[in-house]
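Please look over the notes below with the model open.

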Amino acid sequence: MKLLRRISLFLILSGIMLGLGGYSALKAEQFFYPNRYARKETPNYVVQHSSESGEMQEQVIEAAVGGIPVVTADTLYLIEEVNLADGTVHETEESMPVKYIGLDREGLLAELDIYDSSPPLSELERGFETIELTAFSKDRVVVCKYYKIDKEDEQEQDLGPGFYLMVADHFIVVYREDKKTLYISTDILLESLDDTLQAEIIQGKYVETEEEVYNFLESYSS
C-alpha cells in the first residue's frame with residue numbers, strides 16, 4: 001500500500017514538474033521573441049509581374065503593417081490632369097502601377113518625386129510641369145499632374161508632322177497634314193512644273209518633313 005502511494009506521489013510530482021518546465025519555456029520564448037506573438041494577421045496580396053526573362057513571377061505584398069495604410073491592387077487610382085494655361089481639369093481612372101503596390105504614403109511620395117525630377121519624354125512634349133499626391137488611403141489614391149499647354153500648341157500636336165503641296169489660283173501652296181491649315185504660300189506657278197509633278201500636286205502631293213518642303217521651294221522658286 002505504501003509502495004502504491006509512493007508511486008502515485010512520484011507521478012503527480014513528475015506531472016507538476018513537466019508542466020512547470022513547459023510553462024517556463026513558453027515564457028522564455030515570449031520574452032526573447034515578442035514579435036512572434038504580438039504580430040496580428042493581415043491580409044496579403046499577390047501581384048504577378050514579368051521578370052527580365054519573360055517568366056511570370058508572384059510577389060506577395062502585405063496589405064498593412066501596424067495599421068499604416070498601403071497601396072493594394074484594389075486601390076482606386078485616379079489621375080487629374082490640370083492645364084495651367086486655361087485651368088481645365090481632366091480626370092481619368094487607371095490601373096494601379098505595379099511599382100506602387102505595397103507602398104505607404106511616404107513611399108509613394110518618394111516615387112512621385114522621382115517621376116517629377118525625371119518625367120518621360122512623352123510627358124515633356126505635352127508640356128508637363130509637375131506632379132503631386134492630393135489624396136491617399138488604402139481605398140483611393142489621387143495624383144494630380146500639371147501641364148502648360150497653349151491652344152496653339154495643342155492644335156499643332158493634332159495636325160501631325162506632314163505637309164501637302166496643293167494649288168490655289170495657279171500657284172503652289174503648302175498645307176499642313178489636315179489639308180485645311182495653310183502653312184505657306186509661294187510664287188511658284190503650277191504651269192512652270194513638269195506634267196508629272198503638276199498631276200501629283202493637283203491631287204495633293206504629300207511631303208513628310210519640313211526640310212523636304214523647303215528643298216522643293218528652293219528648287220522651283222524663281
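1. α3 lies across β7 and β8. The helix runs at about 170° to β7. Contact here means heavy atoms within 4.5 Å. Axes are lines fitted to C-alpha atoms, for helices over the stretch in contact, and angles run from 0 to 180 degrees between N-to-C directions. Helices (H or I, at least four residues) and strands (E, at least two) are DSSP runs, numbered from the N terminus.

2. This is a predicted model: local features need pLDDT of at least 70, side-chain atom pairs count only at pLDDT 80 or more, and totals for chains, interfaces and linings use all residues. Residues are numbered from 1 along each chain as its sequence is written, and side-chain values use heavy atoms, with hydrogens and water left out.

3. The sheet is open, with four strands in the order β6-β5-β8-β7 and mixed pairing. Twist from one strand to the next averages 20°. Two strands pair if DSSP finds at least two bridges between them.

4. β5 (residues 76-83) and β8 (residues 140-147) run parallel, joined by eight bridges. I79 stands opposite V143 in β8.

5. Y100 sits in the loop between β6 (89-94) and α3 (105-117). Its relative accessibility is 5%, so Y100 counts as buried (under 20% relative accessible area; exposed is over 50%, partly exposed in between; 1.4 Å probe, protein chains only).

6. Beyond its neighbours within four places in sequence, Y100 contacts V71, Y77, L108, E111 and L112. V71 and Y100 are 29 residues apart in sequence, yet 6.7 Å apart in space, C-alpha to C-alpha.
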